[in-house]
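Subject: The structure for you to look at

Hi,

Here is the structure I said I would pass on. Have a look at it first, then read my notes below.

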Amino acid sequence: MPTTSLVDSKYFTVTCVLILILGLFPGLPQFLLGLPLCALKLAFSTRQFSSPSNIVTCPTGCAPLDSVDMSSSWFQKTFTLPSKSRGSYLITDHVESSLPEIKDYKVGILNLFVQHTSCALSLNENWDSDVREDMSDALDRIAPEDRKGNLYRHSAEGLDDMPAHIKSALIGASVTIPITNGTLNIGTWQGIWYLEFRASKHTRKVVATIQGEKR
C-alpha cells in the first residue's frame, strides 16, 4: 500500500499558509472572534439612537433651536458725560437719555467704556447719596495725595494725578448691563456711577456698544 509523506500532503500546504498568516497578522484570531460581539454592539446602538424615547424635547420656558432668531444687531455711539470735579455721580438717567436706541432691543447687552485713565464707571447704590460720598472718601484714603513726595514717582499733572490713576485701575473703565424688552435690566437699588478722580472739572467721553436682538 503506497504511503504519502507529510510534505506531499495537501494539509501541509494549508498548514504552512496558516502559519504564515498568523506570523504576519498575530492579532487576526482575536479580531475574528470579536466580530460577532461588534455586530451586536452596532445593532444595539443603532436601535437606541433611533428610539423615540431618546429624543430630547425642549422643556417648558425654552424655545426650539429652529424657532430662535440667531441674528444679532450691533450698535455703537460715543456720548459725553457732564463735566464734573472729584466725586461720585449717578448717571443712569443721562445714559438712558443719551441712548434712546436701547428701546429698540428685545434682548441684548450694553457695554459702557470710558476713554480716560483718571476716572471710572461702576454699578452701585442708586438711592442714598451718602454712599457716593463715602465711596469717594474711602478711595481718597486708599490712594491719598502725596504732599510729601514719598509715595509716587508720577506727578506730571499735579498731586491728584497718580492717585487718580490708581483709583481708575481699582474701579475699572467699563460696565456691562443686560437689556430686556427695551430697558436696562438693573436691580432696584442699582445705578450707573461715574467716578471722577481729578480735582478740577473734566469732560469725559463714553463709548456705548449694544449687541442684541431687535424687537
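Along the sequence, the protein runs α-α-β-β-α-β-β-α-α-β-β-β-β, which comes to five helices and eight strands. Helices (H or I, at least four residues) and strands (E, at least two) are DSSP runs, numbered from the N terminus. Before you go further: this is a predicted model, where local features need pLDDT of at least 70 and side-chain atom pairs count only at pLDDT 80 or more, while totals for chains, interfaces and linings use all residues. Residues are numbered from 1 along each chain as its sequence is written, and side-chain values use heavy atoms, with hydrogens and water left out.

**Overall numbers**

Of the 215 residues in the protein, 26% are buried. Buried means under 20% relative accessible area, exposed means over 50%, and partly exposed is in between (1.4 Å probe, protein chains only). The protein exposes about 14700 Å², and carbon and sulfur atoms supply 60% of that; accessible areas come from the Shrake-Rupley method with a 1.4 Å probe, and for residues only the protein chains shown count as cover. Among contacts with a separation of 6 or more, 81% are between residues 24 or more positions apart. Contact here means heavy atoms within 4.5 Å.

**The sheet**

Strands of a sheet pair through backbone hydrogen bonds, either parallel or antiparallel. Here five strands make an open sheet in the order E1-E8-E3-E5-E6, with antiparallel pairing. Two strands count as paired if DSSP finds at least two bridges between them. Strand E1 (73–80) and strand E6 (183–184) stand at the edges with a single partner strand each, so one side of each has no neighbour in the sheet. E1 pairs with strand E8 (residues 205–214) over eight bridges, in the antiparallel sense. To find your way in, look for Gln-76, which stands opposite Thr-209 in E8. Also try the loop between E5 and E6, where you will find Asn-181: this residue has a positive phi of about 50° although it is not a glycine.

**The cores**

In soluble globular proteins, nonpolar side chains tend to be buried together. A nonpolar core is a set of buried Ala, Val, Leu, Ile, Met, Phe, Trp, Tyr and Cys residues joined through side-chain atoms within 4.5 Å. The largest one has 21 residues, of which Phe-79, Val-95, Leu-99, Leu-110, Leu-112 and Leu-121 touch the most other members. Strand E3 (105–114), strand E4 (119–125), strand E5 (174–180), E7 and E8 each supply at least two residues of this core, and E3 gives the most, with four. Another core, of six residues, lies apart from it and includes Ala-120, Leu-139, Trp-193 and Leu-195.

**A buried glutamate**

Where does Glu-196 sit? Its place is in strand E7 (residues 190–196), and it counts as buried because its relative accessibility is 1%. Its side chain makes polar contacts with the side chains of Tyr-194 (2.4 Å) and Arg-204 (2.8 Å). A polar contact is a pair of N or O atoms within 3.5 Å; within protein, one must be able to donate a hydrogen and the other to accept it, and residues adjacent in sequence count only if both atoms are side-chain atoms. Leaving aside neighbours within four places in sequence, Glu-196 is in contact with several residues, among them Lys-84, Tyr-89, Cys-119 and His-202.

**Salt bridges**

How many salt bridges are there in the whole structure? The search finds seven, a salt bridge being a side-chain nitrogen of Lys or Arg within 4 Å of a carboxyl oxygen of Asp or Glu. One joins Asp-140 and Lys-167 (2.5 Å, N to O). Asp-140 is partly exposed at 25% relative accessibility, whereas Lys-167 is buried at 3%.

Arg-198 forms a salt bridge with Glu-157, with the closest N and O atoms 3.1 Å apart. Arg-198 lies in the loop between E7 and E8 and Glu-157 in the loop between H4 and H5, so the pair ties together parts 41 residues apart in sequence. Arg-198 also forms one with Asp-160, at 3.0 Å between the closest N and O atoms. Both Arg-198 and Asp-160 are buried, while Glu-157 is exposed, at 55%.

Cheers
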